[in-house]
Amino acid sequence: PVPLPVIPPDVLLKFPRINTLPADPVLRGNVLLDGGTFNIGSAGRVFIRGNLSRTSGGITGSGTGNIRFDGSSVQTISGDFTNLNAFYRIEIRNSAGLVFNDPIEFTSFLILTQGIISGDVTATGTISPSIGRSNSFINGKVSRTLSSVGNSFTFPIGSINQWRPATVNNVSTGGLTWEAQYFEGDPTSDPLVDNLNATNPGQILTISSGEYWKISDGNGAPSGVTATVGLSWGVESDVSSVSSEREELEVMVWNDGLSSWDNLGGGSFSGGHAESGGTFSATTTASFSENIFTLGSGDLANPLPIVLKSFTGRKEANNHILKWLTTSEINNDYFELQRSADGLIYESLAVIEGNGTTLEEITYNYIDSNPLIGKNYYQLVQVDYDGTTVIVDKKVLLEFVPEDTDLQFSIFPNPTNEFDINLRIKADSRDNVVITMFDLYGKKVMEKVVETYELFEDLSLKPDQSLHQGIYLITVEQFGIKKSKRVIITK
């Protein structure tokens, strides 16, 4: 094959109207569009492997003319690429992803080949494939104007970790701009939602606490607009491994007037659906403004995640008291409470027995009687009888400063010279001590971290620079507690 022409890094595109780049160029560096119109042509391709930004000008094309983002690290698009400045046809083929720092619009095609797009998109043209892919979808809000009554649209959306397309079908009013976005987490994290209770609990046994969708018919829409909504599930949704039991899934919509979840039914399940993923639609239309949707089930075989109402913690004396409440549990074997010093690496702290299957509110408590000095991050891992494990989204952060901390120090001799500054420190042996020394203008002349094993001996300080004669301030800090004293330096 003929090699593609490679353009050196960092390209400035600024011309009246141009077709001056070689055919099918590869732009390896960052591209700044600053004036004029960049015309791709009717069959050309431009490969961008850096970031794209715009201050003025535009990009046009026709036919199959295409801009492909195919870098090897995360790429970004910045600037106004909407309305008259909208892209014509673009493709993402970058497993590291593409970030839209500003909303973008395309008029012909958005081709999802590989990589997740993070940002808001106005879909004026066609998305291919319409549903997205498990490795290529939009993590953000997608907007689409449906011009006629009866129109439908699939939103290829998800979070950074989960692909969860949604649809609006058979809209009752044309000309409205529909919006959809997916959220990974408990629906009660949205300010509008305060529980996971079904309006008709006899029909619905479980409601998901792990994910939800926001779907709207746009600002200024008239009242009485309806549409049929379709949702999807994935591995994290924790549905049944049996096909017939999965088809007990229902589309749930939040009813703010009743403060509960209405059941819109479930049908039209995707052919060949599996425990790992599938789609389905409600059997009843939803009345619109902006609505919140999630998964429900009339079968306990679709446990969906446990419904965790709260997870909190507080400090009491030298202990940390952890408390969590569930409003329902399905096949819950046990919780593993984990703790971390940095919020990244967690270790098991305790195992607390679950309550199997229950629709009653259950309260759990645990006392951490030996918390880490400083920050303590806590998380819950829920384990089913079949070994299925779910890390609960909610985290608790508590900071531990022992109440019996007694921080004292003395300086000797005082006055002294810069070569003979000694400290004797009385402090808690469970954490390091930080010593700093300042002149009277507030300039730091020394800083030293004292390890716990050094606290049993007198310390000799060595300033980082020669000291002038005068008064200096020495500060000793541990657990956020600071003590300061003056020392006189002579020559």
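**Rings, a pocket and the backbone**

Author: Trp-233 is buried, and Phe-269 is buried as well. Please bear in mind throughout that this is a predicted model.

Reader: How are the rings of Trp-233 and Phe-269 placed, and why is the pair called tilted?

Author: An aromatic pair is read from the distance between ring centres and the angle between ring planes; planes under 30 degrees apart count as stacked, over 60 as edge-to-face and the rest as tilted. The structure holds 14 aromatic pairs. In the pair of Trp-233 and Phe-269, the centres are 6.1 Å apart and the planes stand at 55°, so the pair is tilted. This pair links distant parts of the chain, 36 residues apart. Trp-233 belongs to strand β23 (residues 226-234), whereas Phe-269 lies in the loop between β25 (260-263) and β26 (277-281).

Reader: Which class describes the pair formed by Trp-254 and Trp-261?

Author: The planes of Trp-254 and Trp-261 are at 65° and the ring centres 5.4 Å apart, so this pair is edge-to-face. Buried means under 20% relative accessible area. Trp-254, with 6%, is therefore buried, and Trp-261, with 1%, is buried too.

Reader: Which residues do ring pairs link into a cluster?

Author: Phe-311, Trp-324, Phe-335 and Tyr-364 are linked in this way.

Reader: Over which rings do the charged ends of Arg-89 and Lys-485 sit?

Author: Here one looks at the charged end of a side chain and at the centre of a ring. The charged end of Arg-89 sits over the ring of Phe-109, 4.5 Å from its centre. For Lys-485, the ring is that of Phe-409, and the distance from the charged end to the ring centre is 5.2 Å.

Reader: What volume does the second largest pocket have, and which residues lie nearest its centre?

Author: Rolling a probe the size of a water molecule over the atoms shows where empty space is left. The second largest pocket has a volume of about 290 Å³. Its lining consists of 20 residues, and Trp-163, Trp-233, Gly-234, Ser-276 and Gly-277 lie nearest the centre.

Reader: Is Ala-166 buried or exposed, and which residues does Ala-166 touch?

Author: Ala-166 is found in strand β19 (residues 166-169). Its relative accessible area is 0%, so Ala-166 is buried. Not counting residues up to four places away in sequence, Ala-166 touches Phe-153, Thr-154, Phe-155, Ile-157, Trp-213, Ile-215, Gly-230 and Leu-231. Ala-166 and Thr-37 are 36 Å apart in space, C-alpha to C-alpha, and 129 residues apart in sequence.

Reader: Where is Thr-436 found, and is Thr-436 buried or exposed?

Author: Strand β37 (residues 433-439) contains Thr-436. Its relative accessibility is 9%, so Thr-436 counts as buried. Leaving aside residues up to four places away in sequence, the contacts of Thr-436 are Lys-444, Met-446, Glu-447, Leu-473, Ile-474 and Thr-475.

Reader: Which residues does a cis peptide bond join?

Author: Most residues other than glycine have a negative phi, and most peptide bonds are trans. A cis peptide bond joins Ser-128 and Pro-129, with omega about -10°. Pro-129 is in the loop between β15 (126-128) and β16 (138-139). The peptide bond from Phe-412 to Pro-413 is also cis, and its omega is near -15°. Pro-413 lies in the loop between β35 (408-412) and β36 (421-426).

Reader: What is the phi of Ser-259, and what is that of Ala-317?

Author: Ser-259 has a positive phi of about 55°, although Ser-259 is not a glycine. This residue is found in the loop between β24 (249-255) and β25. With a relative accessible area of 27%, Ser-259 is partly exposed. Phi of Ala-317 is near 55°, a positive value in a residue other than glycine. Ala-317 is in the loop between β29 (307-316) and β30 (319-340), and is partly exposed at 42% relative accessible area.

Terms used: Residues numbered from 1 in each chain as written. Predicted model: local features only at pLDDT ≥ 70, side-chain atom pairs only at ≥ 80, totals over all residues. Heavy atoms only, no water. Phe/Tyr/Trp six-rings, centres within 6.5 Å; stacked < 30°, edge-to-face > 60°. Helix = DSSP H or I, 4+ residues; strand = E, 2+ residues; numbered from the N terminus. Buried < 20%, exposed > 50% of the residue type's maximum accessible area, 1.4 Å probe, protein only. Lys NZ or Arg CZ within 6 Å of the ring centre and 35° of its normal. 1 Å grid on protein atoms, 1.4 Å probe; cavity = no way out; pocket = protein on both sides within 12 Å on 5 of 7 lines; lining within 4 Å. Points joined across faces, edges and corners; volume = space filled by probe spheres on them. Contact = heavy atoms within 4.5 Å.
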